[in-house]
Amino acid sequence: MSVLIKNATVLTPRGAVHGDLFTEANTIAAIGRCRERAEHVIDGTGKIAMPGLVNAHTHVAMNIFRGYGEDLPLTRWLEEKIWPIEAKQKPSDIAASARLAFCEMLRSGTTAFAEMCLFDTKGIFTAAKQAGMRGIISRCFLDFEDPGRMKQQLREIPGSLEYGDGATLRPSVAAHAPYTCSEEILIRSKELARKRPYACSEEIILKSKELAQKKGLKYQIHVSETRQEVFDVMKKRGKYPYEYLDSIGVMDKDSLFAHGGWLTKREILLGGKRGVSMAHCPVSSMKLATGGIAQITELDAAGANVCLGTDGSASNNSLDMFQTMKVAALLQKHHYWQADILPCRKVLDFATVNGAKALGFDAGALEPGKLADVVLLERGPNMHPEHDLISNIVYAAGPQNVTDVIIDGRPVMLGREILTLDEKAVMEEADRSAADILRR
Ligand SMILES: [Zn+2]
């Protein structure tokens, strides 16, 4: 398949260029004046072509819990509302929830995501394939130090690593958090992630020297979301969470840690040294009043791979990565009393190229050779004038500007119409699922 976007403002890593963007198979082939013939020609006149946004931490199975359990602190929210209702979810509810999430992602310019789910992920893989999304999807280990539960999960979860197509959709291994998991399950689940090589397509292996080497699967875990959790880990393990996870070999460049709102300076330096990916979810953290502010500017300076996520719709309550970029930037400026901290180019990198790196995809930037995940924005009234294009994207743009989405070289939304899912049916099905669960 080939796509030619004609006459757009193309946002490359070296700045905006006016011209065309040509994708061939799943890769960006050329930017500038392109004379190639393409199966799909999109008129980009007046539009901005930007890399697709990467949501580096989310829970699509929770999309049908949007607005359920409001105004509660994290622990009560999880224990009293979310875990009990999640336990009532059937596979069909998870799939319906995921389809709803993917419609929302496409409309808001998100092309890739990292999912953590407590239940079987087959329905999420199927829904993601249908939607045409890119992502890594994990089923979470969560044993609460119960040996019986741990054994059962170690028997069940490895089967989920067979899901995915090895190209756009890959399995990932996850443990919920250091405070809810036994040490053994943390170590053994990380071992599992390390041992399993990517199931790469031959084409990708040939194109990328990096992927010629065998790599482990990406590993996801919530870390240092709340102050209480830091106290609990400290009490039980005698170490701060990052130091603890490092001491058992869980912290490396293939690990994706979510939140990190309560890190010490020493942990920040350690995160940088290990090159860990850290998904900051500012909207969810603020809504759950977790208090700590992820020091992403310092983590970035230390060498960690900072990326951004929405977290689930139950705690956000949206999957809007434009909003996430803006809130992430504002929170750093506000926290440090420093308006020149975290420039908008950096925030955009967190939400694109860094996110893609955290997920293990050579995407997130518009340049030849990269995977073709492209979003077109219409310049609505909120995008005029254009003193600074990137500032407009980070601080002013929103889902209302997204008109077209291409993932892996395939148009999945054109002229504001989602081509891969029946959006109306998806919304109706999700509403039905949400209502049914409450009756169970
Ligand atoms: Zn989460």
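**Terms and their grounds**

Tutor: We may begin with a loop: Asn-317 lies in the loop between β13 (305-308) and α12 (321-336). The model is a predicted one, and its peptide bond between Asn-316 and Asn-317 is cis.

Student: What is the omega of the cis peptide bond that joins Asn-316 and Asn-317?

Tutor: Omega is about 5° for that bond. Pro-385 belongs to the loop between β14 (374-378) and α15. Most peptide bonds are trans.

Student: How confident is the predictor in the protein chain, in terms of mean pLDDT?

Tutor: The mean pLDDT is 90, on a scale from 0 to 100, and 94% of the residues reach 70 or more. Residues 196-215 have a pLDDT below 50, although this stretch has 20 contacts in the model beyond near neighbours in sequence. Where pLDDT is low, the predicted coordinates should not be read in detail.

Student: Why is Ser-224 called buried?

Tutor: A residue counts as buried when 20 or more other C-beta atoms lie within 10 Å of its own. Ser-224 has 28 such atoms within 10 Å and is therefore buried. Ser-224 is found in the loop between β10 and α7 (227-237), and its phi is near 55°, a positive value in a residue other than glycine.

Student: What makes Asp-408 buried?

Tutor: The count for Asp-408 is 24 other C-beta atoms within 10 Å, and the cut-off is 20 or more, so Asp-408 is buried. Asp-408 lies in the loop between β15 and β16. The phi of Asp-408 is likewise positive, near 55°. Most residues other than glycine have a negative phi.

Student: Which residues are in contact with Asp-120, leaving aside its neighbours within four places in sequence?

Tutor: They are Pro-91, Arg-139 and Ser-160; a contact requires C-beta atoms within 7 Å. By C-alpha to C-alpha distance, Asp-120 and Cys-344 are 38 Å apart in space, and they are 224 residues apart in sequence.

Student: What makes β14 largely enclosed by the rest of the structure?

Tutor: Of the 5 residues of β14, 4 are buried, so the strand is largely enclosed.

Student: How do you know that β14 pairs with other strands, and which are they?

Tutor: Pairing requires at least two bridges. Strand β5 (residues 47-51) is joined to β14 by 5 bridges, and the two run antiparallel; here Ile-48 stands opposite Leu-377. Between β14 and β15 there are 4 bridges, again with an antiparallel arrangement, and Val-375 has Val-405 as its bridge partner in β15. Each of these counts meets the requirement of at least two.

Student: Which strands are joined to β11 by bridges, and do they run parallel or antiparallel?

Tutor: They are β10 (residues 219-223), with 5 bridges, and β12 (residues 277-280), with 3 bridges; both pairings are parallel. Val-223 stands opposite His-259 in β11, while Leu-256 has Ser-277 as its bridge partner in β12. The chain passes from β11 through helix α9 (residues 265-274) to β12, in a right-handed β-α-β crossover. Strand β11 (residues 255-259) is mostly covered, with 5 of its 5 residues buried.

Student: Where are the domain bounds of the protein chain?

Tutor: The domain assignment gives domain 1 as 2-51 + 370-418 and domain 2 as 53-359. Their centres, taken over C-alpha atoms, are separated by 27 Å. The contact takes 19 residues from domain 1 and 22 residues from domain 2.

Student: Which elements each supply at least two residues of the side of domain 1 that touches domain 2?

Tutor: They are α15 (389-396), β15 (402-407) and β16 (410-414). The largest share, 5 residues, comes from α15. The residues on this side of domain 1 divide into 14 nonpolar, 2 polar and 3 charged.

Key
Residues are numbered from 1 along each chain as its sequence is written. This is a predicted model: local features need pLDDT of at least 70, side-chain atom pairs count only at pLDDT 80 or more; totals for chains, interfaces and linings use all residues. A residue is buried if 20 or more other C-beta atoms lie within 10 Å of its own, exposed if 12 or fewer, and partly exposed in between; C-beta atoms are placed from the backbone. A crossover is right-handed if, with the strands pointing away from the viewer, the path from the first strand over the helix to the second runs clockwise. Domain bounds come from an automatic or database domain assignment. Two residues are in contact if their C-beta atoms, placed from the backbone, lie within 7 Å. Ala, Val, Leu, Ile, Met, Phe, Trp, Tyr, Cys and Pro count as nonpolar, Asp, Glu, Lys and Arg as charged, and the others, Gly among them, as polar.
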